[in-house]
Amino acid sequence: MSRRTMNWKFVESTLLVVHGLTLPDAKEWDEFILESTGAGPKMRQVLVFADVELSPVQRKQIANLVAQAATRAVAVVCFSRLTRVVVTGLGWMTRIHRAFAPTALNDAFEFLRSTPTERAELLRAARAFAAELGHAELLRYFEEPGGPIERHAAR
């Protein structure tokens with residue numbers, strides 16, 4: 001399914017979420033919440049690529065989702081230093097959220113305890129989502145020579 005503002009996929013026990021450059025469309029957000037509710041073991045870890053700020057209602061919905069699913073780790077990868085500071089503050093409270101710059105993607109995978117197979121699939125899907133959503137900066141990062149997709153495909 002083609003979406004305009006965000007996309008997601010379950011890869012083994014990890015939920016991958018890639019946001020575009022604009023706030024999530026209300027219909028897409030509702031679809032995401034509906035599909036993620038009750039995910040349980042499919043959502044032990046969450047990998048998010050995002051540089052958008054969620055509304056207070058959306059943040060509460062996410063908090064409820066991760067609590068309900070007993071999610072043990074949420075890695076948020078973003079270019080924005082400010083967003084990483086906000087996520088770091090959230091992590092102090094929740095103990096499961098951690099922010100990473102794209103250059104620290106390997107650290108995010110370690111935090112999530114992703115297997116090499118999961119890493120490769122998460123990166124393939126994230127790259128496809130970045131292209132679909134028109135997120136040029138994220139797409140350039142994925143496609144750079146010797147970048148994360150090449151590094152993880154070689155393992």
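The lining of the largest pocket has 21 nonpolar, four polar and two charged residues. Here Ala, Val, Leu, Ile, Met, Phe, Trp, Tyr, Cys and Pro count as nonpolar, Asp, Glu, Lys and Arg as charged, and the others, Gly among them, as polar. This is a predicted model, where local features need pLDDT of at least 70, side-chain atom pairs count only at pLDDT 80 or more, and totals for chains, interfaces and linings use all residues. Residues are numbered from 1 along each chain as its sequence is written, and side-chain values use heavy atoms, without hydrogens and water.

The largest pocket holds about 670 Å³ of space. (A pocket is an open set of points on a 1 Å grid over the protein atoms alone, where a 1.4 Å probe fits, with protein on both sides within 12 Å along at least five of seven lines; lining residues have an atom within 4 Å of a point. Grid points are joined across faces, edges and corners, and the volume is the space filled by probe spheres set on the points.) Leu54, Arg59, Val76, Val87 and Leu90 are the closest to its centre among the 27 lining residues. Helix H3 gives the largest share of the lining, six residues. (Helices, H or I with at least four residues, and strands, E with at least two, are DSSP runs numbered from the N terminus.)

Now the sheet. Five strands form an open sheet in the order S1-S2-S3-S4-S5, with mixed pairing; strands pair if DSSP finds at least two bridges between them. S1 (6–11) and S5 (97–100) each have a single partner strand, so one side of each lacks a neighbour in the sheet. S3 and S4 run parallel, joined by five bridges. Val48 stands opposite Val76 in S4.
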